[in-house]
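Please read the points with the model open beside you.

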Amino acid sequence: MVERHPYKVDVVGSTPAGPTNFSVPLAQESTLPKSKSKGTLGPLDPRPMSQSSVTMTEMVLPVHTNSLGTIFGGVIMSWIDIAAAIAAQRHSGRPVVTASIDDLHFIAPAYNGWVVNLKASVNYVSKTSMEVGVRVDAENPVKACSHHTASAYLTFVALDEEGKPTQAPPVVPESKEEKRRFAAAELRRKWRLERRQLHGR
Ligand SMILES: CC(C)(COP(=O)(O)OP(=O)(O)OC[C@H]1O[C@@H](n2cnc3c(N)ncnc32)[C@H](O)[C@@H]1OP(=O)(O)O)[C@@H](O)C(=O)NCCC(=O)NCCS
């Protein structure tokens, strides 16, 4: 039996993308089943956010760069999609598809020979869909310095054996930072639903 425990969630630090003037109910968070250890969880038992997080490292090669020697945005997008898909699959134990990608801003370039580090984590699960946040940092291996290159939020949907959307297990934020991400992701989901209604999708 899964115990429900409504964490009190405070949004601290940066605000989520999109309007924030919603009346937001307490996040529907779950606690981990105490009697079950990792590896024996049922398919829909809640899982910790940290369990599915992904760290992916790539090197910028000449084939990835434009005439300025900086990486193509599309290459970064593809790496973001892959890192996020791995996190969503790892969390849900299901095949997943990308339903949408929110605004993607490229903050700083990465150059030929540099190393790109991507960190992805499942921030929020509603029913069949999951928001995954990805942060991309570019590292100059010679100068041993690194800077924030891009961030993105993607929505993935878990699929059943017939390729239809199916329920994904709840995600449990544990640290203060994870709780902040969970609460911010819940606001973004409301904003996405409103935007889709507005566009009739
Ligand atoms: C994503 C997809 C599975 C949704 O299928 P659907 O029949 O519309 O399913 P539903 O309307 O029941 O929605 C299922 C979930 O997806 C979410 N969803 C659907 N479209 C979405 C979108 N554009 N953005 C964010 N979430 C979306 C819904 O909110 C719902 O979430 P919930 O269950 O957590 O409440 C379907 O549109 C699809 O297969 N798209 C193509 C995916 C693909 O090929 N991606 C690769 C890149 S092209």
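1. Burial. Of the 201 residues in the protein chain, 32% are buried. A residue counts as buried if 20 or more other C-beta atoms lie within 10 Å of its own, as exposed if 12 or fewer do, and as partly exposed in between, with C-beta atoms placed from the backbone.

2. Ground rules. This is a predicted model: local features need pLDDT of at least 70, side-chain atom pairs count only at pLDDT 80 or more, and totals for chains, interfaces and linings use all residues. Numbering starts from 1 along each chain as its sequence is written.

3. Confidence. The chain averages a pLDDT of 86, and 83% of the residues score at least 70. Over residues 1–27 the pLDDT is below 50, yet this stretch has 39 contacts in the model beyond near neighbours in sequence. pLDDT is the predictor's confidence in each residue, from 0 to 100. Where it is low, the predicted coordinates should not be read in detail.

4. Layout. The protein chain has 2 helices and 8 strands. Their order along the sequence is β-β-α-β-β-β-β-β-β-α. Both kinds of element are DSSP runs, numbered from the N terminus: helices are H or I with at least four residues, strands are E with at least two. Among contacts with a separation of 6 or more, 73% join residues 24 or more positions apart. Contact means that two C-beta atoms, placed from the backbone, lie within 7 Å.

5. Helix H1. This helix covers residues 73–92, 20 residues in total. Its first and last C-alpha are 28 Å apart, close to the 28 Å expected at 1.5 Å a residue. That expected span is 1.5 Å times one less than the number of residues. Its buried residues include Trp79, Ile80, His91 and Ser92. Just after H1, glycine 93 takes a positive phi of about 65 degrees.

6. Strand S5. Is this strand enclosed or open? In S5 (residues 115–125), 8 of the 11 residues are buried, so the strand is largely enclosed by the rest of the structure. S5 pairs with S2 (residues 54–59) in the antiparallel sense over 6 bridges. Pairing requires at least two DSSP bridges between two strands. Methionine 59 has valine 115 of S5 as its bridge partner.

7. Two hairpins. S5 and S6 (residues 129–140) pair in the antiparallel sense over 10 bridges. They form a hairpin with 3 residues between them. Asparagine 117 is bridged to aspartate 137 in S6, and tyrosine 124 to glutamate 131. S6 and S7 also pair in the antiparallel sense, over 12 bridges.

8. Ligand shell. Which residues surround the ligand? They are Val97, Thr98, Ala99, Ser100, Ser126, Lys127, Thr128, Ser129, Thr155, Val157, Pro165 and Arg192. Each has its C-beta atom, placed from the backbone, within 6 Å of the ligand. S3 (96–101) and S7 (145–158) each supply at least two of the shell residues. The largest share, 4 residues, comes from S3.

9. Threonine 166. This residue lies in the loop between S7 and S8 (171–172). With 18 C-beta neighbours inside 10 Å, threonine 166 counts as partly exposed. Leaving aside neighbours within four places in sequence, its contacts are Arg94, Thr128, Ala158, Leu159 and Asp160.
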